[in-house]
Amino acid sequence: MDSPELLKPNSNLNANPGSVDIYSVLSILLVAFMWGATNPFIKRGSIGYNELKADSKLGQLWLEVRFLISRWQYLVPLILNQLGSIVYVLTLQRTELSLTVPMANSLTFVFTAITARLLGERQSGWKIYCGMALVILGTIICGIDKML
């Protein structure tokens with residue numbers, strides 16, 4: 001029995017899924033940016049969430065859901081964040097798991113810290129920047145290792 005068309009490999013995808021090219025690196029950076037840059041906005045959009053109180057668990061759930069879905073300040077960054085997840089899945093199809101996962105997840109923290117700082121959130125100084133430098137250095141080393 002022939003397999004359905006949807007299960008056949010796409011000839012447009014990279015023939016060697018483990019190879020690292022500029023598209024893969026840019027895709028990983030895009031994912032990290034979409035995840036990281038939206039985190040502070042999601043946090044800001046959910047201000048007031050913790051003050052919601054209801055008499056029952058079901059009532060509390062309803063209040064929380066209604067509160068969050070009624071705030072564009074929460075929904076827009078959340079949608080962009082989830083679009084980043086779609087880009088992530090597409091990136092995983094083209095690149096090695098051992099490259100994509102650590103790079104995307106670690107760089108997410110860098111973009112979160114940068115965005116939070118740009119939005120005026122107070123950070124603990126040199127420790128944040130030292131940590132960001134180490135994350136970036138580790139990401140570069142991981143990428144170089146996969147290219148060699």
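Predicted model: local features only at pLDDT ≥ 70, side-chain atom pairs only at ≥ 80, totals over all residues.

1. The protein contains five helices and zero strands. Read along the sequence, the pattern is accordingly α-α-α-α-α.

2. Of the 148 residues in the protein, 29% are buried. The accessible surface comes to about 10200 Å², and carbon and sulfur atoms account for 69% of that area. Among contacts with a separation of 6 or more, 75% join residues 24 or more positions apart.

3. **The largest nonpolar core.** Which residues make up the largest nonpolar core? There are eight in all: Ile28, Val31, Trp35, Tyr88, Leu99, Met103, Ala104 and Cys142. Helix H1 (22–45) and helix H4 (97–118) each supply at least two residues of this core.

4. Alanine 104 lies in helix H4. Is alanine 104 buried or exposed? Its relative accessible area is 0%, which is under the 20% limit, so alanine 104 counts as buried. Leaving out residues up to four places away in sequence, alanine 104 touches Ile28, Val31, Ala32, Trp35 and Tyr88. Leucine 99, another member of the core, touches Val20, Ile28, Cys142, Gly143 and Lys146 when residues up to four places away are again not counted.

5. Threonine 115 is placed in helix H4 and is buried, with a relative accessible area of 10%. Apart from neighbours within four places in sequence, threonine 115 is in contact with Gly36, Ala37, Pro40 and Phe41. Asparagine 105, also in helix H4, counts as partly exposed at 34% relative accessibility. For alanine 104 and glycine 36, the C-alpha to C-alpha distance is 9.5 Å and the sequence separation is 68 residues.

6. **Spans annotated in UniProt.** An unreviewed UniProt entry lists residues 20–37 and 126–144 under "transmembrane region". This label comes from the record, whereas the following values are computed from the model. Residues 20–37 are 89% helix and 0% strand, and the end C-alpha atoms of the span lie 24 Å apart. Residues 126–144 are 100% helix and 0% strand, with 27 Å between the end C-alpha atoms.

7. **The salt bridge.** How many salt bridges does the count give? The count is one. It joins the side chains of lysine 43 and glutamate 121, with a distance of 3.8 Å from N to O. Lysine 43 lies in helix H1 and glutamate 121 in the loop between H4 and helix H5 (126–147), so the pair ties together parts that are 78 residues apart in sequence. The two partners may also be compared by accessibility. Lysine 43 is exposed, at 52% relative accessibility, while glutamate 121 is partly exposed, with a relative accessible area of 22%.

8. Trp72, Val76, Ile79, Leu80, Leu83, Ile86 and Leu90 form a nonpolar surface patch of about 690 Å². One of these residues, leucine 83, is found in helix H3 (residues 72–94). At 39% relative accessibility, leucine 83 counts as partly exposed.

9. **A loop position.** Where is glycine 48 found? Glycine 48 sits in the loop between H1 and helix H2 (57–69). With 23% relative accessibility, glycine 48 is partly exposed. Glycine 48 and phenylalanine 67 are 19 residues apart in sequence, and their C-alpha atoms are 8.8 Å apart in space.

Note on methods. Residues numbered from 1 in each chain as written. Heavy atoms only, no water. Core = buried A, V, L, I, M, F, W, Y, C linked by side-chain atoms within 4.5 Å. Buried < 20%, exposed > 50% of the residue type's maximum accessible area, 1.4 Å probe, protein only. Helix = DSSP H or I, 4+ residues; strand = E, 2+ residues; numbered from the N terminus. Contact = heavy atoms within 4.5 Å. UniProt positions renumbered as here; feature names shortened; annotations may be inferred. Salt bridge = Lys/Arg side-chain N within 4 Å of Asp/Glu carboxyl O. Patch = residues over 30% accessible without salt bridge, like charges linked within 9 Å, V, L, I, M, F, W, Y side chains within 5 Å. Areas by Shrake-Rupley, 256 points an atom, 1.4 Å probe, with all protein chains shown as cover.
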